[in-house]
Amino acid sequence: MALPVPNLDDRRFQDLVDEAKRLVQQRCPEWTDHNVSDPGVTLIELFAWMTDQVVYRLNRVPDRNYVKFLELIGVSLYPPTAARTSLTFWLSAPQPDTVTIAAGTQAATVRTDTSEAIAFTSIEDLPIVPSSLERLGSMIDGKTLRDHSAALEKGTEFACFQPVPKAGDALYIGLSEAVPSNAVRLRFRADIEGVGVDPTNPPLAWEAWTGDDWEPCELDSDTTGGLNRDGDVVIHVPRGHVVSLIAKQRGGWIRARVTQPVEGQPPYSASPNIKGLTAITIGGTVDAVNAELVYGEEVGISDGVPGQRFPVKRGPIVPGDGAAILEVTGAEGWDEWTHVGDFAASGPDDRHFVLDLSSGEVRLGPAVRLADGAFRRYGAVPPKGAHLRLREYRVGGGRRGNVATRAISVMKSSIPFVARVENRRPARGGVDGEDIENAKVRGPIRLRARGRAVTTEDYEQLAREAAPEVARVRAVAAGDGADAGAVRVLIVPSAVSEQGRLRFDQLVPNEDTLQKITDRLEESRVIGTRAIIEPPVYRGITVVAKLKARNRVNPTRLQEEALAALYEYFNPITGGPDGTGWPFGRPVNVGEVYSVLQGIRGTELVEDARLFGADPVTGQRGTQTPRLELEAHALVFSYEHQVLVEGA
């Protein structure tokens, strides 16, 4: 869309003539002949024509001036947002001592002929704590722990649960130490007694005690078929895991709890029998960001005057807590200065600085001349000759950091006892920095809203400012899908598709993003209104289609392309007719399915296409329909499309 040209003066030739004639009537009432034949009117028209030329030139103010106007009202470019994920480091062998993966450890994707490696950096230390089996027991009534440690030492087998296991029965495993954020391998020796269950989907939940409650562990692999045969269970323990007492027994407790079977999941008909169990720590997981840490960069030397600016060597800077720490030489070494958003509340002695993340520039407080001729300083000024340095800051970010699961596999430096690294989840939240054209459009909106949330557009704009990593924002006012006195702000997070598909859990924004938006809107909302920040409603759809391929077209390839086209078109983030995400509330017609499939190169004929509603949580398919209606502010989600292709 072309940038609208600012209209600084909308008067035209005739407007100027009419205004001059009105002034003539006020200032020279004796002048009564206002016809075009009068020489005075001729002069008025001449000067009106000349003024019209000046106004025309004025309304063609260069873009540079327009950008300067934006700077005056405080508009700056949004910096790129760094994608985040978790890195799992696997040990080459169990270690007797704690192995610490230091904060700042880097891992990257594989570099290819067409793309550079994408680096990720861990943001905190990760201790991989050695552990072993300390206690073993089971609980069938939720109160009494039956101790099986003695039977385990003698090699005597025992039943995990009661003879016919019920939901709530649990096997309790006490580790010698707490292993927060670590991966633990449990090696079982068991008899095939727990019959009835599906070995690939047993009704078991692995949980760890965190001091207040049992939190779920992530199951990495299970070769025991639900504790039914010899094999290993690898679980990832949550970061809150602690050592505690259960039935007066000390341990870092983990349990395998029998759950209520869901539809299609067979229950246990008999309890598994355990003959042996060992436990060791084999890895750990730490949060990482698509950025590189820069340490101890000197940015310049102060000349002792207000309003100094110092560019950094690398940029743009990735936003976040502690995005950069400025230090200035003082009488007793390096003094730390405070990062602020602006200098409006800064006093003359406040050690404040502003950091332009997009351009990578450190700014110190200015001095303003007051009406009486005195100067008012906003922020302290380092003495002349003082050195300034950034203790650390992060550079990187962007959409390219949204890599798929297990795309990160290269360690940038060798770490003792660590064999490999991987990301078990896709990286999310990477957004490219804002361009100047978007800032030009955003400037008038900011000037109108002035940081206040009144209209739905204000809520959407402020939500994007608080969390630029989200893909889409939709504000819904009261009476349009929101309760009285409330505004619903619907958040669609950025997500990278895997093999063209999105998982439903990728469309749930994380808690940090929701909290940032909540905090921003809480300080901007009108008194008496409530802001409800949540994801939109998603309506699952399933397409079942039958195609006929053209001559010399591979049916398998056409099937893959047809599925990819369906997942791409019915996508809440990048789908829809415009490719900018499925429109909120837009119904789905089966005719669109025919259009998408027929447009694939290699399709001879779409013989049949059927549209079904689907529940993306339970997987249940609804009835066939020619038109799937959506609520006013709902989005579609593609769930398990099926395409059959016949050769020519």
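**View 1. A salt bridge between K546 and E607.** In this predicted model, the closest N and O atoms of K546 and E607 are 3.7 Å apart, and a salt bridge here is a side-chain nitrogen of Lys or Arg within 4 Å of a carboxyl oxygen of Asp or Glu. The pair links distant parts of the chain, with K546 in strand 33 and E607 in strand 35, 61 residues apart. K546 is partly exposed at 29% relative accessibility, and E607 is partly exposed at 34%. Here buried means under 20% relative accessible area, exposed means over 50%, and partly exposed lies in between (1.4 Å probe, protein chains only). Side chains of opposite charge can pair when their charged atoms come close.

A note on reading these views: residues are numbered from 1 along each chain as its sequence is written, and side-chain values use heavy atoms, with hydrogens and water left out. Because the model is predicted, local features need pLDDT of at least 70 and side-chain atom pairs count only at pLDDT 80 or more, while totals for chains, interfaces and linings use all residues.

**View 2. A salt-bridge network around R363.** R363 is partly exposed, at 24% relative accessible area. D356 is buried at 13%, and E361 is buried at 17%. By the rule used here, the salt bridges number 33.

**View 3. Strand 35 and its partners.** Helices (H or I, at least four residues) and strands (E, at least two) are DSSP runs, numbered from the N terminus, and two strands pair if DSSP finds at least two bridges between them. Strand 33 (residues 538-549) and strand 35 (residues 603-614) run antiparallel and are joined by ten bridges; K548 has L605 in strand 35 as its bridge partner. Strand 35 is also joined to strand 36 (residues 621-624), again antiparallel, by two bridges, and there F612 is partnered by Q624. The hairpin of strand 35 and strand 36 has six residues between the strands, and in it G619 takes a positive phi near 85 degrees.

**View 4. L597, a buried leucine in helix 9.** L597 is found in helix 9 (residues 590-598). Is L597 buried or exposed? At 0% relative accessibility, L597 counts as buried. Setting aside neighbours within four places in sequence, L597 is in contact with A545, L547, A562, L566, T603 and V606, where contact means heavy atoms within 4.5 Å.

**View 5. Strand 14, mostly covered.** How many of the six residues of strand 14 (residues 231-236) are buried? Six of the six are. G231, V233 and I235 point one way from the strand, and D232, V234 and H236 point the other way. In a regular strand the side chains alternate between the two faces of the sheet. Strand 14 pairs in the antiparallel sense with strand 10 (residues 182-191) over six bridges, where F188 has G231 as its bridge partner. Strand 13 (residues 218-222) also pairs with strand 14 in the antiparallel sense, over four bridges, and S221 stands opposite V234.

View 6. Strand 31 (residues 486-493) and strand 32 run parallel and are joined by five bridges, and R488 is partnered by I532 in strand 32.
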